[in-house]
Amino acid sequence: MKLNKEEIEYLFKHYFHLLPLDLKHTIKYPYLNEVDLEEEKVKLSAILIEKYGDKVFWNLCPECNKLARTPKAKQCRFCGHNWH
Ligand SMILES: [Zn+2]
């Protein structure tokens, strides 16, 4: 599964805690430059999906099928649809 930037950010914001501690440490190194950091995120996201994919809830808009900002969001940031 190839993740786009939005999906990676979503995973990081909301599901990063699922990763084991030793893996988390790799992302926290402050000396990583931006390119390395992006690569790290792509790698860790793939691991997240592979190992904990069943715990990740992709909150997709029922109207346009795009990814909402958070797993609990009830409004689409793209088309404005809300599903309260
Ligand atoms: Zn939408």
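These questions and answers go through a predicted model of a protein chain with a zinc ion.

Q: What makes up the protein chain in terms of helices and strands?
A: The protein chain has 3 helices and 0 strands. Read along the sequence, the pattern is α-α-α. The C-alpha trace spans about 40 × 25 × 20 Å along its principal axes.

Q: How much of the protein chain is buried?
A: Of its 84 residues, 33% are buried.

Q: What share of the contacts in the protein chain joins residues 24 or more positions apart?
A: The share is 50%, counted among contacts with a separation of 6 or more.

Q: Which atoms are the protein donors of the zinc ion, and what makes them donors?
A: They are C61 (SG), C64 (SG), C76 (SG) and C79 (SG). These atoms lie 2.3 to 2.4 Å from the zinc ion.

Q: Why is the arrangement around the zinc ion called tetrahedral?
A: The 4 donor atoms subtend angles of 105 to 117 degrees. For four donors, the word requires all angles to lie between 85 and 135 degrees.

Q: How are the donor residues of the zinc ion spaced in sequence?
A: The spacing is C-x2-C-x11-C-x2-C. C61 and C79 both lie in the segment after α3, so this pair ties together parts that are 18 residues apart in sequence.

Q: How do you know whether N59 is buried or exposed?
A: N59 has 3% relative accessibility. Buried means under 20%, so N59 counts as buried. Its place is in the segment after α3, the helix of residues 34-52.

Q: Which residues does N59 contact, leaving aside its neighbours within four places in sequence?
A: They are Y10, K66, L67, A68, T70, P71, K72, A73 and W83.

Q: Which residues of helix α1 are buried?
A: Helix α1 covers residues 5-15. Its buried residues are E7, I8, Y10, L11, F12, H14 and Y15. At the start of α1, a side-chain oxygen of N4 reaches to within 3.1 Å of the backbone nitrogen of E6.

Q: What is the phi of N65, and why is N65 called exposed?
A: N65 has a positive phi of about 70 degrees although it is not a glycine. Its relative accessibility is 55%, over the 50% limit, so N65 counts as exposed. N65 is placed in the segment after α3.

Q: Why is H84 called exposed?
A: H84 has 78% relative accessibility. Exposed means over 50%, so H84 counts as exposed. The side chain of H84 makes a polar contact with the side chain of N82 at 3.3 Å. The C-alpha atoms of H84 and K74 are separated by 5.9 Å, while the two residues are 10 apart along the chain.

Q: Why is G53 called partly exposed?
A: G53 has a relative accessible area of 29%. That value lies between 20% and 50%, so G53 is partly exposed. G53 and H14 are 39 residues apart in sequence and 13 Å apart in space, C-alpha to C-alpha.

Notes. Residues are numbered from 1 along each chain as its sequence is written. This is a predicted model: local features need pLDDT of at least 70, side-chain atom pairs count only at pLDDT 80 or more; totals for chains, interfaces and linings use all residues. Side-chain values use heavy atoms; hydrogens and water are left out. Helices (H or I, at least four residues) and strands (E, at least two) are DSSP runs, numbered from the N terminus. Buried means under 20% relative accessible area, exposed over 50%, partly exposed in between (1.4 Å probe, protein chains only). Contact means heavy atoms within 4.5 Å. Donors are N, O and S atoms within 2.8 Å of the metal (3.2 Å for Na, K and Ca); water is not among the atoms, so sites may look incomplete. Four donors count as tetrahedral if all angles lie between 85 and 135 degrees; four count as square planar and six as octahedral if opposite donors are over 155 degrees apart and all others between 65 and 115; anything else is irregular. A polar contact is a pair of N or O atoms within 3.5 Å; within protein, one must be able to donate a hydrogen and the other to accept it, and residues adjacent in sequence count only if both atoms are side-chain atoms.
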